[in-house]
Amino acid sequence: MKRLTRKEEEVMQILWELEKAFVKDIIERLPGDAHYNTVSSLVRLLEKNGHVGHKAYGKTHQYFPILKKEEYRKHFIGNVVKDYFANSYQSVVSMFAKEENISVEELKALIKQIENKKNSQDD
């Protein structure tokens with residue numbers, strides 16, 4: 001899966017939130033002054049790439065996401081960990097701990113989640 005551009009991600013975030021939308025609905029939620037033709041072209045490109053589908057109502061189209069948010073997030077995060085952290089999730093968590101972006105309580109909660117998952121797999 002190819003990484004989406006920032007604009008494509010913005011459109012997908014809106015579609016994931018709304019679940020279905022017309023181009024005008026997407027424009028209303030985009031920051032700044034987005035032009036209809038630009039957004040329409042972007043959505044059609046996302047559709048061509050298999051990330052978005054549509055339902056036609058006469059000459060207008062209502063778009064919906066085909067690409068699942070969780071699927072994209074897992075792929076994107078996996079690539080970040082591989083490319084910037086030598087494929088080490090420990091390095092990722094360590095960076096957040098060093099920068100104080102994660103608290104001791106959050107670290108304990110992560111450890112508990114890992115232990116619970118391990119225990120459920122052992123059953």
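User: Why is tyrosine 72 counted as buried?

Analyst: Tyrosine 72 has 6% relative accessibility, so it counts as buried; the term means under 20% relative accessible area, with exposed over 50% and partly exposed in between (1.4 Å probe, protein chains only). This is a predicted model, in which local features need pLDDT of at least 70, side-chain atom pairs count only at pLDDT 80 or more, and totals for chains, interfaces and linings use all residues. Residues are numbered from 1 along each chain as its sequence is written, and side-chain values use heavy atoms, with hydrogens and water left out.

User: What makes tryptophan 16 buried or exposed?

Analyst: Its relative accessible area is 15%, and therefore tryptophan 16 is buried.

User: How many aromatic pairs are there by the rule for rings?

Analyst: The count comes to three aromatic pairs. Rings of Phe, Tyr and Trp (its six-membered ring) pair if their centres lie within 6.5 Å; planes under 30 degrees apart count as stacked, over 60 as edge-to-face and the rest as tilted.

User: Why is the pair of tryptophan 16 and tyrosine 72 called tilted?

Analyst: The ring centres of tryptophan 16 and tyrosine 72 are 6.2 Å apart and the planes stand at 35°, so the pair is tilted.

User: Why is the pair of phenylalanine 22 and tyrosine 57 called tilted?

Analyst: The planes of phenylalanine 22 and tyrosine 57 stand at 55°, with ring centres 6.0 Å apart, so this pair is tilted.

User: How do you know whether phenylalanine 22 is buried or partly exposed?

Analyst: Phenylalanine 22 has a relative accessible area of 22%, so it is partly exposed.
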